[in-house]
Amino acid sequence: MELFPGTPYDYTAVAPEGALVFTAGACPLDPEGQIVGGDHKEQARQALVNLRAALAEAGSSFDHVLKTTVYVVAHDRAELVRVWDVVEDAFAPSRPPSTLLGVSLLGYPDQLVEIEAIAMVPRTGDR
């Protein structure tokens, strides 16, 4: 069986030798712990800023992400697509496999987006 080739992401990623990083969901929080933004796109951007920082702290980066899961409080598909467009742009040209989910609520009041990732920590010479 062949997989549909027209998806805007890759289906799989294989980790080479090295350590893996599993992030908790990156939330759209500012340094004071407050939710940033009142819309999906703005919250997605902040969640990605926070995810990038968490990966950097672990010795990784967006270039080494193997998979993401994106949670979106959504009432219709258009809200999912708005968030996906922000995520896709942030990772370009990489296209890690990703699961995009519409959910009814997330952990913080007024939170609309949360993004988790699995990444590798490249060997020192590969960074």
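## Burial and the overall chain

A residue counts as buried when its relative accessible area is under 20%. Phenylalanine 91, with a relative accessible area of 4%, is therefore buried. This assignment, like the others in this report, rests on a predicted model.

Across the protein chain, buried residues account for 38% of the 127 residues. The chain contains two helices and four strands, arranged along the sequence in the pattern β-α-β-α-β-β. Of the contacts with a separation of 6 or more, 78% involve residues 24 or more positions apart.

## The sheet

The four strands form an open sheet with mixed pairing, and their order is β1-β4-β2-β3. On average, and with direction ignored, neighbouring strands are turned by 10 degrees against each other.

Within this sheet, β2 (residues 65-73) pairs with β3 in the parallel sense, over six bridges. Threonine 69 has threonine 99, in β3, as its bridge partner.

## The helices against the strands

Helix α1 spans residues 40-57 and lies across β1, β2 and β4 (113-121); relative to β4, helix α1 runs at about 25 degrees. Helix α2, formed by residues 77-91, lies across β2, β3 and β4, and its angle to β2 is about 155 degrees.

## Glutamate 79

Glutamate 79 belongs to helix α2. What is the nearest side chain of opposite charge to this buried residue, and how far away is it? That side chain is arginine 82, at 4.3 Å. A salt bridge requires a side-chain nitrogen of Lys or Arg within 4 Å of a carboxyl oxygen of Asp or Glu, and glutamate 79 has none.

When neighbours within four places in sequence are left aside, the contacts of glutamate 79 are His40, Val72, Val73 and Ala74.

## The aromatic pair

The structure holds one aromatic pair. The pair consists of phenylalanine 62 and phenylalanine 91, which are stacked, with 4.2 Å from centre to centre and 15 degrees between the planes. Distant parts of the chain are linked by this pair: phenylalanine 62 lies in the loop between α1 and β2, whereas phenylalanine 91 lies in helix α2, 29 residues apart.

Phenylalanine 62 is buried, its relative accessible area being 4%. For phenylalanine 91, the relative accessible area is likewise 4%.

Terms used
Residues numbered from 1 in each chain as written. Predicted model: local features only at pLDDT ≥ 70, side-chain atom pairs only at ≥ 80, totals over all residues. Heavy atoms only, no water. Pairing = 2+ DSSP bridges. Axes fitted to C-alpha atoms, helices over the stretch in contact; angles between N-to-C directions. Contact = heavy atoms within 4.5 Å. Buried < 20%, exposed > 50% of the residue type's maximum accessible area, 1.4 Å probe, protein only. Lys, Arg positive; Asp, Glu negative; His and termini not counted. Phe/Tyr/Trp six-rings, centres within 6.5 Å; stacked < 30°, edge-to-face > 60°.
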